Each structure stands twice: as C-alpha cells, then as structure tokens.
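Please look through the following points with the coordinates open beside you.

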Amino acid sequence: MQFHHEGYVSGEPRVLEAAGYGIDRAAELPEEMDVLIVGSGPAGMIAAAQLSKFPSLNVRMIERRGGRLELGQADGVQARSVESFNAFGFAERIIAEAYRITEMAIWNPNPDNRDEIIRTGRTLDDEGGTISEFPHLIVNQARVLDYFAEVALRSPGRIKPDYGWEFQTLTVHEEGDYPVEVKLIGSAGEQAGVERTVRAKYVVGCDGASSRVRKAMGRKLEGDAANHAWGVMDVIAKTDFPDWRLKATIHSKNGSILHIPREGGHLARIYVDLGEVPLDDNHAVRSTPIEEVIRRANEILSPYTLDVHHVAWSSVYEVGHRVTDKFDDVDDESRTPRVFITGDACHTHSAKAGQGMNVSMQDGWNIAWKLGFVLEGRSPASLLHTYSGERHEIAQNLIDFDKQWSSMMAKKPEEFESPDALERFYEDTFEFPAGFMTQYKPSVLTAGDEHQELATGFPIGKRFKSAKTIKRGDNNPVHLGHLHEADGRWRIYVFADPAAPGADSPAQRFGDWLGENPASPVVKYTPAGGDDDAWFDSKVIYQTDYTQVEFGDVPKVFWPEVGPWKVNCWEKVFANGLGNDIFDTRGILRDGAVVVVRPDQYVAAVMPLDATDEFAAFFDGVFTLQG
C-alpha cells in the first residue's frame, strides 16, 4: 500500500482525501447527475466503489430500502471475486471473517441399505492453488456490500447510497446534456410517497430480477421455465451429520441436499430438493412451509438427524435460466447507449453454483470504469458499446453451465452413470464456477492473439493471473497482480529481455520510448500537471537477479515523479531472485514481452518489445486526446 503521497498521513491510510464532488457532497438527491445507479446490490456497490475513484463525476446511487441490507441471500464468493476484493483493498479483512471452502464431501445411498446415506468421496477445491492463490469463501452478501460501501465512502468521490428512493420509469431523450429523465418515488423515511423527477447522462440498473429499469428499456428475460423447486434455509441446528462444517452434496433415495457451512462457526445454508413442479402449479410450491423443508431435509439425511433451533432466513425458489438479448438500451451502434442493466436484472439462474453475486460484481465493475473513462473524456462514447458485447456472452456461458450443474443436483442416485459422476463433474468444471473461464474476444479493448506465444501464462482476454517476483525498491517478494488497485489505471508490464538494466537492449529502448516519445500513450494521453503515472501504471520486470538491478539504470518511466513535490516512486521495478522466476512461472519467452492489462484486471494485449507502432495504435483506439 502506498500513502504519504501528498504529506504525512497519521490516520487510516485507506481513507483518501476527498476531491471533486466528494468535497461537499450534496445531502439531497440533486436534479441532475452524471450517473444514476439504481439499486445497492453487489453490482451497484462495486460500480459505486469504482466510480468514486473518478471524483470529477457526479454519481448517485438510489436504494428503495430505508437502510443497509442486513441479511443477503447470496453467500458464495469465488476466488475471482476475492481477487477483485484485493483490488479494492479489503480482501484480507473479508477472508478473516469468512468461511473458507477447501473441499466438498460427496454423499450417496449406502449400497447395503439404501434408506441411509454414506460418504463416498471428497473433492478438493483448487488443490495446491493452481488456479488462484485466493480462496473460495462463504460470507453473507450484506458484509460484501458493507465493504464496498466503505470503499466508495472513503474514496475521493465519497459516494454513498440515497436510501428510501424507488425507481419508477425512465425516458431517454434525443437531446440535452442530461438526456435520461427518471421518475422516482420516496419509499421510506421522510420522503415516503414523494414523487421526484431527476435527469442523468447515464443510468445503471442494478435492481434485481424484477428490474423496473429493464422493463423501462423494453428488455425481457427470456429462457427456460422453472420445473424444479428447492427450499433454502440458513439455520443454526444440532445435528450428528459428520460433515456439518464441510461443503457437501447429498443424494439419497428421498432427494438431494446441497449443504454449505456459513461464516461464524454455527450457521449453515441448506438447499433441500422439493422435487419437480407440475406445469399447473402456478408457483404454489413457493408457499411450502419451513417445517416441510426441515422434514424433507431429515428424510434425505437419514440415518442422521437435523434439529433446527433457529432459522435466520428461508425461501423457496424454482430453478429457471433466463437472459435478456442486450444489456443496454440500443439494438445497434446508431447511437450511444444511455441505460445499462447488470446482474439479476439481465440474467437469472439457480443459486447453487454460487455465481449470481460473483458475476453481478464483474458486470458492475465492467461498466463502471468504462463510464468513468467516457465521462472524463479519456475515451470516446463508443467504448460503452463493449459492455453488452462482453458481458452478454459471459452470462450465456454461465446459464449453460448452471443448467448442467442444476441438472446434476436434481438427479436421483440411480440416474448417474457412475457413483463418482458428480465428483468428476465438479473437478472437471471447477475453473468455471471459480470465475476464471471468462475470456473476452478481440475488440477495441482486447487485442488479437498473434503474439500470445510470448507470454502463454497470460491468455489475452482472461484475467491477469498473478505470480511472485521481487520488488526492487525494498527487495521483498510480492505478488505482481496484487499491486493492481481498482484506481482506473491501465497496467503496462514490461518483461525485459536478458540484458542487464542500462544496457542498450529491447527493454531499455522500449522503456525510453514509453516515457519520452510523443507517440507513446503515456506521453500522449497523460494529463498535463498530473503525476507521471496518473493514467498508466508502467512496471518493468527484469530476468536478472534483483541484486544486479539499480534504479539509476532503468528508464525514467519506471521511476516516475509523483505528488506535489515530484518525488520518485520506488514501486515499479521488479526482478527475479529468492527462488522466484516469473518468466518461468508464467511462460514468458526470454526475449521479453509487453503485457497490457485493463483497469478491471483482464489482459488486453501481449506484444513484442519492439512493437511500438502496434502498441501506440492499440491505445489510440481506446483513448482520446484531451482538449
């Protein structure tokens, strides 16, 4: 963590100095704003946390509840989400309070007595950390929202929810600085029943499966009708089931259970199979009493018993898989989109794969940094077309996976082709629910793969997979990717050729060009008067041992001057050593390479060290010159 940037900080360093609209944030919801976020769920909160890093923007977030969420329905936090939490600065704290999933127990009918279940296997979660160094967690959605709310409030924009306002409808006008007219009504507190009309440049709908923003856009959720019901409950119970504190899938002759321990040591979430739903049920299954759900759970768990003492939350849901055709309000590129939807507002599926909150957060982060770039004038408005294009495909992939997973969970034991079929499916598909199969296709933000062989461990379009290296400023081993903060900057990682720093070499020439040539995006687009690394975080990683690297020998772009006194930043020079060789770990050719990473941690390009024209052309497609 870097601070003391503009002087000594004696308090909490995560509280950044207020700037822009954050200096004197209006207490009342204004008549006009740059961005209106509708809903303070996972997508809305991460969007607010990201946009609060752009304090020149007037961003407001409305929520129909009268205050913070106290008990959320989502609880599964995949490793990709924990990587994202790290970028926002709270991964360590949420890991400390969460339940960590390390394995899943598999239970099936006892062949000698099919009235009872026995444990038939165990499946490890990401054995050895091959997919991510971050864990798979269980923690209540309310706590995730609390952490993002804290980030948004501590960031320069000082964004916080405007509670007690409910979205009614919107109209997009063809003209005006604030073309989106939004009608609201007070839903709680002193403003209850009060009608308001506000105007925004952009609206982001994060208002759930019954989204009014989606309906106002004219979009519909389309997909499979529900045909299977599950009861779900968060309970504190006395039980002799031996895997009560392990994630477990349980198949018996009486149905199935997905069992997930919760944080805190006592609470657990149990998904209980309620069977197929008749076509003429008309959602009557949703009225199934909690007593019936508990009774069925005991039938499935036999010979073990479940004595429920406290139900913190319960619900009954029918599995359905639906998605809208677009995630914005335009059907082509004839005009710039003005309204966007995220999360459950545009894709719904079962809860058992633990994806709803995780995918929603990536939706929110994706649109937020792009809105920040467009509204600040860094990028053309056409950049916003990439949101629906990128995230719609991811949502469809999720639904396709969830259909498989839901089908497996609903099967009767005798319907599996082998006793270990579920275990093998979980192992074979683990990377998808962990959040690491997302791969964006070539676009203005993602280059082609013609140079992929230079760095095979950083697949273009996928998230930047961190690895350890030595930070030369203090000679400490660090995870390179953990230094990627959600601050809206692009990352430029220069993996040097074998030559020593200071020698006439491809890496030295590229570094000099990056920091000095007028065609370089760092020179061309960094705003005058700001820090040298205001928009681009450029780092160099040398193959030589860290003891052979001296700062005086590296190009100045990797030793930039920052802050009001223009002191040097010592955090951007890295090298091998102490048993760490990131070139070997991530398959980087010894000739070197440049790896470009987007503000949301996805690899945008891999290029040779001499491809300066190609490098400049890529960023010319992303940025616009400041007036």
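1. In what follows, Ala, Val, Leu, Ile, Met, Phe, Trp, Tyr, Cys and Pro count as nonpolar, Asp, Glu, Lys and Arg as charged, and the others, Gly among them, as polar. The model is predicted, and local features need pLDDT of at least 70, side-chain atom pairs count only at pLDDT 80 or more, while totals for chains, interfaces and linings use all residues. Residues are numbered from 1 along each chain as its sequence is written, and side-chain values use heavy atoms, with hydrogens and water left out.

2. A search of the whole structure gives two cavities of 30 Å³ or more, a cavity being a set of points on a 1 Å grid over the protein atoms alone where a 1.4 Å probe fits but cannot get out. The second largest cavity has a volume of about 100 Å³, where volume is the space filled by probe spheres set on the points, which are joined across faces, edges and corners. Its lining residues (an atom within 4 Å of a point) include Glu83, Glu133, Phe134, Phe464, His482 and His484, and the lining divides into two nonpolar, six polar and two charged residues.

3. The largest nonpolar core has 114 residues, and those with the most contacts inside it are Leu51, Phe148, Trp490 and Phe615. Such a core is a set of buried Ala, Val, Leu, Ile, Met, Phe, Trp, Tyr and Cys residues joined through side-chain atoms within 4.5 Å, with buried meaning under 20% relative accessible area, exposed over 50% and partly exposed in between (1.4 Å probe, protein chains only). Because domain 1 (20–70 + 141–221 + 322–429) and domain 3 (452–622) both give residues to this core, it lies between them; the domain bounds come from an automatic or database domain assignment.

4. A cis peptide bond, with omega of about 20°, joins Ser302 and Pro303. Pro303 is placed in the loop between helix H6 (290–301) and strand S17 (306–318), helices (H or I, at least four residues) and strands (E, at least two) being DSSP runs numbered from the N terminus.

5. Lys566, although not a glycine, has a positive phi of about 50°; Lys566 sits in the loop between strand S25 (561–562) and strand S26 (567–568) and is partly exposed at 34% relative accessibility. Leu578, also not a glycine, has a positive phi of about 55°, and Leu578 is exposed, with a relative accessible area of 51%.

Notes:
On a 1 Å grid over the protein atoms alone, a cavity is a set of points where a 1.4 Å probe fits but cannot get out, and a pocket is an open set with protein on both sides within 12 Å along at least five of seven lines; lining residues have an atom within 4 Å of a point.
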